[in-house]
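Q: I would like to learn to read contacts and interfaces in a model like this one. Can we take them one at a time?

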Amino acid sequence: MRVEQIAVFLENKSGRLAEITSILADNGINIRALSVADTADFGILRLIVDKVEAAEQALRGAGFTVGKTNVIAVEVPDRTGGLAMVLKSIKEANLNVEYMYAFVNKTGENAVLIFRFEEMDRAIETLLKDGFTILESQQIYNL
Amino acid sequence: MANNKTTYWEAEMETLPRAGLESIQLRRLQHLIERVYRTVEPYRRKMDTAGIKPEDIRSLADLARLPFTLKEDLRDNYPFGMFTVPLDEVVRVHASSGTTGKPTVVGYTKKDIDTWANLMARALACAGTSSGDMVHNAYGYGLFTGGLGAHYGAEKLGATVIPVSGGNTKRQITIMKDFGSTVLLSTPSYALNLAETMEEMGIAPQDLALRVGIFGAEPWSENMREEVERKLNLRAVDIYGLSEVIGPGVAMECLQTTKGMHIFEDHFLPEIIDPVTGEVLPPGEQGELVFTTLTKEAFPVIRYRTKDISSLCYDTCECGRTLVRMGKVTGRTDDMLIIRGVNVFPSQVEHVLIGIDGVEPHYQIIVERDGSMDTMTVEVEISDKVFSDEIKQLEQLTRQITHDIKDILGVTCRVKLVNPRAIQRSEGKAQRVIDKRKI
């Protein structure tokens, strides 16, 4: 029910993002989704990739600070109100979202929402109970 | 771990009762002043100006009446103007790097080289080194006194010396592993560099036979000691020396305590002074360390101001040595940054960083002037251990570092997290401060 996400520390310096993406490309790693969170001084790049171990190794080898976290991927129909429905269920369960980002899959029918919660287990329980589809790692990597 | 039985090289001199030691010191001091007054014009001139004659030195307390010798005095008489013997009696010269001006040149007679080797052998024995050891000497060979000074002492002791010098870190590790090095001599920052490179090469400290590390030539903290000991699986001890006095082997920590380094007082007479007023401070107080050499022939110094901040402790040591101990050097009078009127030593920043769980002591201090305001930025490398995918965690970390620095140093700084190894690793002395202020 959980998907592994890679987080990379981004020094506030030009060209860092380009460097990371070309390292991944050189190692034949495909990015499924990404988001950048930033402050005035630094950023955090969060990535869902098809080969987690390989990506982690390649980036660490190039001198980047890398971490791994579990996130939840929720699939919703790509239409108005899709995200709102999920957030309503989360709000009613009093769950705190640490961060989230989204992407639309290739066919364009569904959107995938990536969530990180403070209470991951309870979030999974709540979302399943309310009838949402939670994707497994393999499903994301194969999208 | 090394065993804790005291090993002496010259037991009698190292355990002399104070009265006996002081009488030797006075005799040697009187002889020195008389000789220097007679042979070195710059010293004679200074003493004449101060109205002191050699015969005025009747007790050790009279030392305080003599003028100080500054690095500038040595530079003004560059290269050989402070030598007391003709050059044909000088068998070797060393020089300090002249990063802030002309280098300072020091000379040694045959007897000086022998004295030095003997004191360095004392220092090595003090750290439990014996003839059975394989000494990996990673101090730089050349004009710097570290390499050759340690080398001659280790040979005198009868140990096997690997004169590996600085640099080429991977090869050094291979050599340590293949040759079975038991004693490592290097700067503390290079020891950390070795530890990191070992990690990259997949070599565990247990794969090496290192037992003790003798680290010096730059100030380092207790926290850094713990880190080096953990990462290299050895006992880390501190050594002190400077080329103007003789080189490494002026003072040495024993294995019994970590409360300072024994100064080889039968050869070097120490004082602690107030760096501003020049007044001699009582034992225990922090101030600038000043040395008078008692036995050197070619290049003796009288009340030489080291610019190192330390203190002296005359308590009896568990190792049995009666020699005074100097505290770890906590800073330099000229490394001292004055930021918005507050005195800041880089070692204090290091102390703060190691105190925070998971933070590595890899940092750089950047000082700038914005209008009429000094700003201090501390760049800290972010390790996998403290990294988080959440902004708020990293912001919490920078807030904690800022808070702790403010707490201990009394200065508000900006903390910038940077990638590991973004801060240039040193193969010798670490460059901790970049001062961009144009004053």
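This is a predicted model: local features need pLDDT of at least 70, side-chain atom pairs count only at pLDDT 80 or more; totals for chains, interfaces and linings use all residues.

Q: Where do the bounds of the two domains of chain A fall?
A: The assignment gives domain 1 as 3–69 and domain 2 as 70–141. Their centres, taken over C-alpha atoms, are 22 Å apart. The contact involves 14 residues of domain 1 and 13 residues of domain 2.

Q: What area do domain 1 of chain A and domain 2 of chain A bury between them?
A: The size of an interface is often given as the accessible area lost when the parts come together. In this case the two domains of chain A bury about 1,200 Å², with 58% of it on carbon and sulfur atoms. Val3(A), Arg32(A) and Thr69(A) supply 48% of what domain 1 buries against domain 2, more than any other three residues.

Q: What area do chain B and chain A bury between them?
A: About 1,700 Å², of which 55% is on carbon and sulfur atoms. Chain B brings 19 residues to the contact and chain A brings 25 residues. Phe387(B), Asp389(B) and Asn419(B) supply 37% of the area that chain B buries against chain A, more than any other three residues.

Q: How many salt bridges does the rule find across the interface of chain B and chain A?
A: Four. Asp384(B) and Arg60(A) meet through their side chains in a salt bridge, at 2.8 Å from N to O. On the chain B side, α11 (391–409) and β20 (414–418) are the elements that give two or more residues. The largest share, five residues, comes from β20(B).

Q: Which residues of helix α2 of chain A are buried?
A: In α2 (residues 52–61), they are Val52(A), Ala55(A), Glu56(A), Ala58(A) and Leu59(A). These buried residues pack against several elements of chain A, including β1 (3–11), α1 (16–26) and β4 (66–77). After α2(A) comes Gly63(A), with a positive phi near 95°.

Q: How many disulfides does a search of the whole structure find?
A: Zero, over all chains. For Cys313(B), the nearest cysteine sulfur is that of Cys317(B), 8.7 Å away.

How values were computed:
Residues are numbered from 1 along each chain as its sequence is written. Chains are lettered from A and ligands numbered from 1 in the order in which they are written. Side-chain values use heavy atoms; hydrogens and water are left out. A disulfide is a pair of cysteine sulfur atoms within 2.5 Å. Buried means under 20% relative accessible area, exposed over 50%, partly exposed in between (1.4 Å probe, protein chains only). Helices (H or I, at least four residues) and strands (E, at least two) are DSSP runs, numbered from the N terminus. Contact means heavy atoms within 4.5 Å. Domain bounds come from an automatic or database domain assignment. Buried area is the accessible area (1.4 Å probe) that two parts lose on being put together, summed over both.
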